[in-house]
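Hi,

Here is the structure I said I would pass on. Have a look at it first, and then read on for what turned up.

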Amino acid sequence: MNEALTLLSFGDQGWGDTIAFGVLVTVSLAIATLPFGLILGFLIALAKNSSEPSLKLAANIYTTIFRGLPELLTLFLVYFGVQIGLQQGLKLLGFETYIEVNSFVAGMVALALVFSSYASEAFLSAFKGIPQGQYEGGYALGLSKYQTLTLVVLPQLIRLALPALGNLWLILLKETSLVSVIGLSDLIRESGIAARVTKEPFLFFGIACLIYLVLAIISSTGLARIERWSKRGDVSR
Amino acid sequence: MTAANPETSLPRPPSPPRTWSNTRILGHVLMALWIISGVSLVFYLGSNVASPFVQKYWPKYIEGFLVTLQIVGVSLLLGALLSVPIAMARGSRWKIFSWPAYGYVYFFRGTPLLAQTFLIYYGAGTFRPELEAVGLWGFFRDAWFCVIFAFSLNTAAYQAEILRGAVLNVSRGQWEGAAALGISKPVTFFKVILPQALMVALRPYGNEIILMIKGSAIASIITIYDLMGETRRAYSRSYDFQAYIWAAVAYLLIVETLRRVWDKIEARLTRHLKR
Amino acid sequence: MRVLRMAAAAVAVLAAVGGAEAKDWTKVRIGTEGAYPPFNNMTADGQLVGFDIDIANALCEEMKVECEFVTSDWDGIIPGLQAGKFDAIIASMSITEERKQKVDFTNKYYNTPPAIAVPKDSAISGTSDADLKDAVLGAQSSTTHSNYAEEKLPSVELKLYPTADEYKLDVSSGRIDAVIDDVVVLSEWLDSDDGSCCKILGTLTPDPVINGEGAGIAIRKEDGDLTEKFNAAIEAILANGKYKEINDKYFSFDVYGG
């Protein structure tokens with residue numbers, strides 16, 4: 001037991017600081033992905049909700065692809081493919097330059113692609129929960145299409161989509177672990193290094209699992225709070 | 001009454017022309033992009049069908065595909081068996097049953113499958129003497145069994161929640177009605193409640209199968225040659241990016257086919273519920 | 001039409017990113033793995049050390065260029081070179097025909113044979129395919145050693161690992177029966193506390209087609225001038241004794257080979 005505590009302590013003897021750094025990378029990757037995933041997901045939901053069939057179809061193809069591919073494969077496609085593609089595209093345009101797609105960015109892009117396609121479903125079903133009268137009311141007040149969307153529909157939409165988005169956040173947090181495979185020093189990779197060096201894989205991967213659990217618990221509490229806050233208007237009724 | 005005067009009756013005005021609104025332009029541009037990518041993908045793959053890469057690796061991809069099917073099939077089945085007692089314990093009134101079941105479900109749903117797989121695969125190596133003592137080392141020594149073990153435990157947690165949610169979804173009235181008819185509780189459960197619950201659970205079960213197919217790619221990280229494993233091996237030997245493109249096409253086809261077949265099955269089984 | 005205007009603006013922004021970059025090689029980015037002791041590995045505080053690293057620094061000094069090291073996973077190291085993440089790979093990469101189709105190589109800078117290591121209590125007695133029949137053999141993926149096992153040892157069950165560390169973990173827990181790798185790498189590991197589980201069974205006769213002509217520096221095909229520079233620098237450090245100095249720092253024998 002004491003031995004395990006030494007291994008987990010901070011400083012020269014222990015791996016505490018290494019693992020703490022891994023947690024930091026995991027959390028910052030998830031947080032950095034979130035806004036892109038949300039915005040992209042919202043735009044796709046808008047496209048799916050539009051009356052224009054070509055736009056709808058284009059959005060549906062997008063979600064079919066990114067919900068059908070294993071996340072691990074999406075990650076490899078982005079990590080190796082985007083760089084090769086960008087480089088060759090620029091070469092065709094006559095630029096001899098070098099673009100770095102590091103593992104953090106690749107992870108962010110891949111996770112945002114996956115997140116946005118699931119989030120678009122959450123937004124779409126929320127769209128369906130908003131009665132047509134809300135739009136008509138907005139127009140009747142002389143608001144433009146854009147104003148109606150941002151001032152009238154969006155606030156209600158977020159409230160409706162929040163539980164589903166909360167779930168997606170928890171999934172996102174877990175999926176960041178895949179980025180360890182393309183060399184990002186996240187929680188799993190750092191635990192893996194510690195496990196190999198100390199020959200204590202059960203201890204370190206067990207700790208990693210527990211840390212993910214703690215992150216999930218913190219997130220759930222936070223989400224419950226946000227949900228309560230989003231419904232504060234309902235309470236007085 | 002006179003016949004309609006062709007001079008005074010007006011023909012129906014033509015419907016207003018569809019204008020090229022911004023959304024329509026955007027939709028067409030995006031579709032054009034998809035079509036261009038799709039065509040170039042087909043062209044790219046078509047021009048590579050006879051390439052040395054495909055010649056050399058396509059049998060490997062088939063083998064990998066079969067391994068993926070095996071892993072997914074066996075894990076889902078074992079997970080389904082395991083999920084029944086877990087779901088029952090989870091709904092139990094006694095805390096000695098419900099709390100551990102809750103903990104189990106929370107653990108396996110709250111941590112990444114990758115971490116669970118590593119914990120079992122590399123963790124088992126640490127406990128070799130103990131496992132040898134109880135004769136289980138032979139089981140854990142093999143990466144394939146470790147993967148099956150990890151995936152089954154994982155999917156059991158998800159399936160237990162699906163099952164529980166579906167059973168709770170059946171209204172109390174069904175229980176009461178059956179009780180009023182003098183039907184015993186076990187018979188009520190299997191003949192009245194379960195069929196209705198499974199109907200509700202069809203969709204989430206379908207999603208779970210798809211999640212499992214996608215998640216099984218993780219097996220490739222611990223030396224299993226499933227579809228993803230063969231892909232990575234082919235790429236690491238040839239450095240040819242088409243390795244990943246073929247894999248992407250294969251996974252998309254598998255998942256889409258399954259999703260469509262499942263939709264058909266669901267539509268067929270729930271046809272009496274259609275109004 | 002706003003959409004079209006926005007698209008045009010986006011293209012303009014993208015175009016602004018690209019700028020011509022002349023290649024005068026004042027700075028060379030070198031890709032290495034950092035998990036292959038004693039050739040290249042990371043110390044606990046994140047420093048790259050090893051034979052490859054010292055050789056690389058000596059070569060850069062000789063060429064009077066500034067060198068910057070970039071670490072990459074082994075599986076992604078050639079794609080990384082092609083994608084321009086670095087300009088040269090100095091990571092004990094064997095010069096093989098298969099790799100030559102993708103990248104260019106300098107002349108070799110060392111050459112050592114492959115070997116097989118087994119747990120100390122192993123019943124395996126020799127390194128031939130018959131001796132190893134049905135044994136589970138571990139190797140690092142994308143290496144000449146894994147190719148050797150696939151071609152020359154068809155009776156074994158081969159398991160491929162992303163780094164050497166993982167097969168070490170599995171052979172010491174007894175999950176696999178043997179491992180194949182460079183003899184220098186295996187000896188280094190067996191001499192450490194870590195490798196107390198195992199012993200070297202024997203070295204293998206390298207196959208020139210599979211194992212190649214030794215380890216060289218990989219460079220993109222279009223950068224022929226850089227290959228020339230490196231070749232000249234290898235000649236120079238062999239001649240001026242710098243190579244021997246580094247060789248003797250790590251090994252008690254000559255790794256350059258015949």
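A quick definition before the counts: helices here are DSSP runs of H or I with at least four residues, strands are runs of E with at least two, and both are numbered from the N terminus. Also keep in mind that this is a predicted model.

With that in hand, chain B comes out with 11 helices and zero strands, so the radius of gyration is worth a look: it is 27 Å, well over the 19 Å that the globule rule gives for 275 residues, which means chain B is more spread out than a compact globule. Along its principal axes, the C-alpha trace of chain B spans about 105 × 70 × 30 Å. Some 44% of the 275 residues in chain B count as buried. If you take the contacts in chain B between residues at least 6 apart in sequence, 73% of them join residues at least 24 apart. As for the surface, chain B exposes about 15600 Å², and 69% of that is supplied by carbon and sulfur atoms.

Now chain A, starting with helix 2, which covers residues 16–49.

Is Phe127(A) buried or exposed? Its relative accessible area is 4%, and buried means under 20%, so Phe127(A) is buried. Setting aside neighbours within four places in sequence, Phe127(A) is in contact with Phe42(A), Ala45(A), Leu46(A), Asn49(A), Tyr135(A), Leu149(A), Val153(A) and Leu157(A). Trp229(A) is 102 residues from Phe127(A) in sequence, and the two are 20 Å apart in space, C-alpha to C-alpha.

Last, chain C. Its domain assignment gives domain 1 as 23–111 + 213–250 and domain 2 as 114–211. The contact between them takes 16 residues from domain 1 of chain C and 18 residues from domain 2 of chain C. Taken over C-alpha atoms, the centres of these two domains are separated by 25 Å.

Cheers

Notes. Residues numbered from 1 in each chain as written. Chains lettered and ligands numbered in written order. Predicted model: local features only at pLDDT ≥ 70, side-chain atom pairs only at ≥ 80, totals over all residues. Heavy atoms only, no water. Expected span 1.5 Å × (residues − 1). Buried < 20%, exposed > 50% of the residue type's maximum accessible area, 1.4 Å probe, protein only. Contact = heavy atoms within 4.5 Å. Rg over C-alpha atoms; globule rule 2.2 N^0.38 Å. Areas by Shrake-Rupley, 256 points an atom, 1.4 Å probe, with all protein chains shown as cover. Domains from an automatic or database assignment.
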